[in-house]
Every structure is written in structure tokens, then in C-alpha cells.
Amino acid sequence: MHRVTTFFHVRQLFEPASTARFLSAFLLLLLAQSLPAHASEPPVCTGKNLLSELERSDPQALADLRKQASETPNGKGIFWKIERAGAEPSHLLGTMHVSDPRVVEMPEEAWLPFEDADTVALELESLEPMDIGRALFAYPELTMFTDGTSVKTLLNPQEVSRLEAMLKARGIPLFAVARMKPWMLLMHISVSACEKKRAAAGMAPLDQELIREAHDHGKTVVGLETAVEQIESMNAVDSAPLLRGILQQMEAGDKLNDMFATMTDMYINGDIGMFIPLSYRVLGTTAAKDPSYVGFMKHVVNDRNIRMAERAAPLLEKGNAFIAVGALHLLGEQGLVELFRKQGYTVTRLH
């Protein structure tokens with residue numbers, strides 16, 4: 001897999017007049033990293049389970065995390081049945097956007113409803129890298145600052161120095177991302193090194209496998225939103241707090257591998273209500289102390305939940321639909337489970 005540094009040697013791409021060319025080339029590089037490559041064996045990912053470690057070192061902290069998770073509506077379970085008189089039942093699967101074989105297998109209870117479904121609905125109709133890339137290329141103003149804003153205007157000098165050091169350790173010069181919207185950087189660093197290796201080995205995440213499997217069986221595949229709508233939602237989060245959160249995440253270093261491993265274990269066990277409490281535990285803070293949390297939840301989660309629930313309504317009315325979206329969209333009073341209940345459906349956990 002190519003290192004990011006090989007691309008950034010082309011300095012002219014970062015001149016002020018070359019924003020569009022920079023964006024195109026940078027995204028092509030990222031997309032190339034996810035294209036299949038031959039590998040003798042799939043990579044084995046490492047990382048320790050932080051909950052097991054907490055159980056030994058700080059049982060009270062673990063009890064506090066579990067209490068927070070238990071207070072989150074629908075924080076337990078990833079597969080649900082949606083029913084109402086007059087329509088065939090539909091089903092809702094919370095996914096995790098990773099290619100871990102244990103995740104891609106799906107719960108056993110989900111396979112028959114998926115195979116029998118007439119329509120498969122996901123967040124996006126296509127997750128193929130080039131399709132996402134085309135959407136990004138069409139709206140450079142959503143991915144790059146065009147008004148003079150940059151990392152140096154969003155952060156104080158000390159924070160800029162810290163970010164520069166973190167980027168340098170990853171082979172990325174600061175000038176290369178100085179005018180990039182923070183959500184772009186977040187998307188890049190949020191993918192674990194192991195997940196990138198799996199992608200290079202040709203392994204696809206669960207969502208993408210579901211799309212391909214549905215097409216192979218002649219099912220109707222629909223998206224509950226467009227790629228541009230997703231980008232607009234991420235772009236709506238206030239840049240400065242988000243960038244500081246990214247810096248904090250980068251400085252967590254090796255802890256992130258453990259967090260990814262732990263969250264995968266939690267997902268498999270259906271403990272999705274623990275996702276947010278654990279993430280903030282790893283970062284050494286809480287959601288209440290994170291200035292970007294409210295904006296992120298509003299724009300990237302809750303507003304999108306409303307949109308997806310509205311667009312899923314005709315599918316549920318028709319019946320026999322299989323809906324698969326990120327598990328975070330199932331949680332809470334404004335999650336899809338509750339929104340479907342407000343539409344008059346009985347939603348029952350199956351796994």
C-alpha cells in the first residue's frame with residue numbers, strides 16, 4: 001500500500017490556485033489505498049480488550065461505563081424486527097463499518113430475513129470507492145476551506161505544533177492538510193491501520209458485502225441518503241472543536257488499536273450502548289466536556305436519523321425490507337428504533 005508521503009512530494013498541488021487538483025489527487029490516493037490487492041493471508045488484527053483490563057484494574061470505572069450504557073435507550077442489541085398490521089415484517093440491522101470476519105458474518109438470526117427480503121436499504125446505495133470519490137469531486141467547497149480558514153486560524157500555536165508532530169509521525173506534512181475540512185482528516189485517521197491492511201487484501205466491510213450480496217441475488221438496493229447529504233452533515237459540525245477532538249484522538253496513539261478491538265467485541269455482543277462512554281474513557285474525558293459532541297450528534301447522527309426514518313417509511317409500509325445502517329443510528333430517544341416506534345411500528349430485538 002502506498003504511503004501518503006509519496007503523494008505529497010508533488011508540491012505544486014498545494015498552491016492556492018490548485019485546490020481542485022489537490023483534492024482530486026488526494027482523494028484518488030485514499031481511494032487507491034482501499035482497492036483490492038493480492039495477499040497470501042488476511043491480516044490478523046491485534047488489540048487488547050479494554051473492558052477486560054478495566055475489570056482487573058478498576059472495577060468501579062467499568063461499573064460506571066456499564067451504568068451509562070444501560071441508561072441509553074436501545075443500547076443493547078443490533079438486530080430488530082419491525083412489525084405493524086397490514087404489512088409483512090421488515091428488519092433492522094445495526095452494522096459496524098469494518099471488515100472483521102466476525103462482523104461480516106452477521107448474527108445468525110439476520111441471514112434468513114436478508115435472503116428473503118425484497119428490498120435492501122442502506123445508508124448509501126453504493127459504497128464503492130469511485131462512486132464516493134465522484135460525489136466528493138463535485139463539491140470541493142465541502143471538503144476544502146476556500147475563505148482563508150486553515151488549521152492555523154482554527155487552532156492556537158501550541159495546538160498547531162502538536163498537530164504538526166502527530167501528522168509528521170504519520171508521514172503527512174502539515175501544509176498538505178492545512179486547508180482541508182476537519183471531517184476529511186477525521187475520516188482518514190479514524191480507519192485503523194489493520195482495517196487499511198484488510199482493505200488492501202481485498203476484504204470488504206459488512207455494509208459493502210451486503211450490497212454486493214443483494215445485487216448478486218437480484219434484490220432491489222436503495223440508499224436512505226446520498227453521499228453528498230452525508231458530506232453536508234459532516235461538514236456542518238463546527239470545525240475548531242472537531243479539529244481539537246481529532247488532535248486528541250491522534251495523541252491517544254496505540255490506545256486506538258485497543259479501542260477498535262474492544263468496540264468490535266462489544267458490537268458482536270450487542271453492547272452498542274457502551275460505544276460512546278468507552279470512546280471518551282480512552283480519550284480521558286467525557287461527552288459533557290467535549291464541545292464538539294452536541295454538534296456531532298445533531299448533524300452526523302440525529303438529523304440523519306430523521307432523514308433515514310422518513311425515507312424508510314414507504315419501504316416499511318410495503319413490507320419485507322431489510323434495513324442496515326451504522327449501529328450508532330439505532331441508539332437513544334432519537335435513534336431509528338424509537339423513530340420507527342413513533343411511526344406506529346412494534347420494534348422487537350432479535351439479537
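Among contacts in the chain between residues at least 6 apart in sequence, what percentage join residues at least 24 apart? In this predicted model, the share is 81%, where a contact means heavy atoms within 4.5 Å. The chain has 19 helices and 6 strands, both taken as DSSP runs numbered from the N terminus (helices H or I, at least four residues; strands E, at least two). Of its 351 residues, 51% are buried, a class defined by under 20% relative accessible area, with exposed meaning over 50% and partly exposed lying in between (1.4 Å probe, protein chains only).

Because the model is predicted, local features need pLDDT of at least 70 and side-chain atom pairs count only at pLDDT 80 or more, whereas totals for chains, interfaces and linings use all residues. Residues are numbered from 1 along each chain as its sequence is written, and side-chain values use heavy atoms, with hydrogens and water left out.

The 6 strands of the open sheet follow the order 4-3-5-2-1-6 with mixed pairing, two strands being paired if DSSP finds at least two bridges between them. Strand 4 (220-223) and strand 6 (346-349) stand at the edges with a single partner strand each, so one side of each is left without a neighbour in the sheet. From one strand to the next the twist averages 20°.

Strand 1 (residues 79-83) runs antiparallel to strand 2 (residues 90-95), to which it is joined by 4 bridges; Phe-79 stands opposite Leu-93, and Trp-80 stands opposite Leu-92. The hairpin of these strands has 6 residues between them, and there Gly-86 takes a positive phi near 95°. Strand 2 also pairs with strand 5 (residues 321-326), in the parallel sense and over 5 bridges, and Ile-323 in strand 5 is the bridge partner of Leu-92. In a regular strand the side chains alternate between the two faces of the sheet. Both faces of strand 2 are covered, with Ser-90, Leu-92 and Gly-94 buried on one side and His-91, Leu-93 and Thr-95 buried on the other; since 6 of the 6 residues are buried, strand 2 is largely enclosed by the rest of the structure.

Helix 15 (residues 239-251) has 13 residues, which at 1.5 Å a residue should span 18 Å, in agreement with the 18 Å between its end C-alpha atoms; the expected span is 1.5 Å times one less than the number of residues. Its buried residues include Leu-242, Leu-243, Ile-246 and Leu-247, and the elements covering the buried residues include helix 8 (151-154), helix 9 (157-169) and helix 11 (182-189). Ser-239, in helix 15, counts as buried at 14% relative accessibility, and, leaving aside neighbours within four places in sequence, Ser-239 is in contact with Phe-145, Leu-154 and Pro-182. Helix 15 is followed by Gly-253, whose phi is positive, near 60°.

The axes of helix 9 and helix 15 come within 10 Å and cross at roughly 50°, axes being lines fitted to C-alpha atoms, for helices over the stretch in contact, with angles from 0 to 180 degrees between N-to-C directions. The two helices are therefore oblique to each other, given that angles under 35 degrees count as roughly parallel, over 145 as roughly antiparallel, 65 to 115 as roughly perpendicular and the rest as oblique. Helix 16 and helix 17 pack at an angle of about 165°, with their axes 11 Å apart, which makes helix 16 roughly antiparallel to helix 17.
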